[in-house]
Amino acid sequence: MATIQLSATLPSLPSDWSAEKDFKPISHLSAPTSRAIEPVGPHFLAHARRKRHKRTFSEDER
Amino acid sequence: MSADTGSPEPTSQESSRVAIGLSFGNSNSSIAYTTANEGKAEVIANEEGDRQIPSILSYVAGEEFQGTQAKAQIARNPRNTIAFFRDFLGKGFKDVDPSPCHASAHPVELDGGKSVGFEVQEHASEDEEGSSEPAKSTLSVSEVSTRHLRRLKQSASDYLGKSVNAAVITVPYDFTDEQKAALSKSAKEAGIEVLQFIPEPVSALLGHDAKVQQSGEQPQQHDRIILVADLGGTRSDVSVVASRGGMYTTLSTAHDYELGGSTLDKVLVEYAAKEFLKKNKTAKDPRGNERSLAKLTLEAESVRKALSLGASASFSIESLSDGIDFSLNVNRTRFELLGSKLFQSFTRLIESAVQKADLDILDVDTILLAGGASHTPKIAANVQSHFPSTTTIISPSTSSTAVNPSELTARGAAIQASLIQEFEHQDIEDSTEAVVTVTPHLSHAIGLVTGKEGSEEFAVIVEPDTPVPVRRTAQIPVAAGGDVLLRLAEGVREIKVSKAEKPGTNGTAGSDDDSDEDGSDDEPEEVRSKVLKPGKIIAEAGLKGVKKGGKVEVQVNVAADLGVTVVAREVGGKGGVRGVVEGTGAQQNGSAA
Ligand SMILES: Nc1ncnc2c1ncn2[C@@H]1O[C@H](COP(=O)(O)OP(=O)(O)OP(=O)(O)O)[C@@H](O)[C@H]1O
Ligand SMILES: [Mg+2]
């Protein structure tokens with residue numbers, strides 16, 4: 001995937017904001033939906049390979 | 001993301017495969033291959049020069065005809081001509097709709113009703129005079145399919161100069177396992193190893209995307225909701241697909257087994273028959289005679305096809321009824337008026353699929369019209385006026401670069417065939433198992449909260465319905481520089497309805513949008529728009545000391561357990577922030593689609 005270019009204004013950091021290593025986890029993602037990817041096309045085959053060999057994206061790129 | 005297909009070890013059997021893409025419809029079939037050097041999909045013309053080969057077999061004086069030649073026999077020799085049989089494969093007699101076959105060989109019960117066949121006079125008379133009728137043969141749908149597939153295989157082999165022995169075959173989304181098993185068996189008997197069955201709409205999408213990528217119109221796979229409408233001869237099938245990083249997930253499907261090009265032919269047949277009777281007051285109704293009706297129907301189809309390109313076309317039939325010749329000019333506007341109800345049915349079917357996917361028409365980025373009937377300009381025009389202007393309609397009449405919709409499914413199948421033909425059979429099976437394909441998909445978009453407090457907005461980084469694991473990278477300019485707050489959140493899509501003032505001149509706006517049903521002109525028009533609002537906040541990160549005019553890059557990595565890793569840094573800067581939000585494990589909502 002290409003890098004996504006966003007054009008919006010980020011809020012500035014409030015002066016009283018602080019977090020360990022400047023990162024604050026707040027909540028989990030909502031529960032996902034289970035769906036089937038169509039087993040078709042080059043990108044699916046890459047997915048299947050990663051999944052069957054239990055590889056991550058970066059391991060896959062090596 | 002790398003998209004190469006890996007390098008499985010080809011065994012001797014696998015490397016001797018010659019594979020094609022094959023689309024086998026009730027009305028037409030198509031065969032396609034990919035060119036060796038460029039990997040481009042091309043549809044193969046048979047010896048008669050046809051790329052859409054009618055799925056019809058006819059027996060005349062002991063000889064078998066296929067395709068266009070067989071189709072012509074519907075008027076001359078209907079009971080020995082077998083047409084519209086694909087959907088009968090793997091079904092019991094009671095479960096099939098025989099109506100498309102009313103003008104050709106009628107389906108009969110086989111194996112005590114467990115399957116379907118056709119009774120035809122396959123062989124010529126034994127004796128010279130032809131006085132004694134030879135026995136009729138009963139051909140099962142499987143046998144008919146085998147014969148048809150064998151001829152397609154032969155056409156492809158002749159063209160390619162080597163013997164084709166494998167194929168990716170497209171089937172409707174709702175083809176059952178029994179139907180696939182029956183088709184697989186028929187193919188095997190014809191000497192074709194089925195590498196994989198793929199759904200027709202998905203194949204059409206693959207064919208389209210491959211063409212777009214090869215022509216460089218769209219260099220990268222971009223995420224979008226795409227609706228594929230496969231409008232054929234006897235049926236129409238719609239799929240709503242989330243395309244995410246080049247992977248396709250079907251969100252919903254809708255089917256109409258009585259809507260297609262043939263339905264539109266009937267409208268023209270009615271019209272032509274009435275005009276004929278107007279001119280020939282004492283002649284017999286051509287609809288009352290099987291042969292006359294068949295001639296009228298075949299001619300109606302060519303008129304309708306001609307009207308996809310030209311503004312008018314003519315019926316011209318010798319000796320239609322009572323020996324009277326018939327000719328009639330029809331213009332496109334007339335046809336569109338006659339068919340207006342049916343044209344609306346296509347739009348309604350398409351819209352119903354959007355609703356089934358729990359989406360709004362504003363969520364649909366692209367509509368890909370596939371199948372022969374998609375050549376019809378009015379179908380595309382109706383869909384275009386029904387959907388918002390942000391939806392791109394891909395069809396011959398709305399986009400100059402559209403691939404011929406009659407070729408899309410076969411091309412997609414050829415591409416899939418070229419991707420997997422070196423794989424071992426077991427490898428293909430393992431990759432298409434549910435353990436590989438069934439995957440958690442995000443229920444909400446993930447992105448950043450932007451804008452001022454009180455009027456926050458949401459900028460999407462990962463679209464909803466994206467399968468995990470997923471990784472996306474986004475950049476966002478920081479004009480003022482300084483310390484910025486990155487608030488990663490889930491997005492909530494809302495449809496905003498606002499009233500817009502009508503343009504000054506009342507009533508002359510002249511929109512010929514026939515989907516606009518509320519005739520009340522004095523009410524302000526509703527303007528619907530899609531807005532994304534931030535929902536649940538997932539994490540916050542502070543990035544300090546960004547240069548004036550700098551750019552921030554955020555990488556979001558969602559693991560299979562829904563754990564989120566965020567890496568944020570200034571583009572070209574040092575350091576940055578990295579943080580993790582723990583996953584929730586495997587609990588999931590029930591499956592859709
Ligand atoms: N140029 C055209 N303009 C209008 N209609 C066309 C055109 N070309 C083909 N068609 C129509 O498309 C239909 C066939 O579509 P397609 O080839 O996709 O069939 P199919 O998938 O085999 O059909 P089925 O729905 O019966 O399984 C026919 O009704 C044919 O008349
Ligand atoms: Mg079809």
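Mentor: Start with charge: Lys and Arg count as positive and Asp and Glu as negative, while His and the chain ends are not counted. A charge is placed at NZ of Lys, CZ of Arg, CG of Asp or CD of Glu. In chain B, the mean positions of the 60 positive and 85 negative charges lie 4 Å apart. This is a predicted model, where local features need pLDDT of at least 70 and side-chain atom pairs count only at pLDDT 80 or more, whereas totals for chains, interfaces and linings use all residues. Side-chain values use heavy atoms, with hydrogens and water left out; residues are numbered from 1 along each chain as its sequence is written, and chains are lettered from A and ligands numbered from 1 in the order in which they are written.

Trainee: How is the size of an interface given?

Mentor: It is often given as the accessible area lost when the parts come together. Here the area, taken with a 1.4 Å probe and summed over both parts, is about 6700 Å² between chain B and chain A, and carbon and sulfur atoms give 60% of it. With contact meaning heavy atoms within 4.5 Å, 94 residues of chain B and 51 residues of chain A take part.

Trainee: How many salt bridges does the rule find across the interface of chain B and chain A?

Mentor: The rule asks for a side-chain nitrogen of Lys or Arg within 4 Å of a carboxyl oxygen of Asp or Glu. Five are found across this interface. B:Glu540 pairs with A:Lys24 in a salt bridge, with the closest N and O atoms 3.8 Å apart.

Notes: Buried area = accessible area lost by both parts, 1.4 Å probe.
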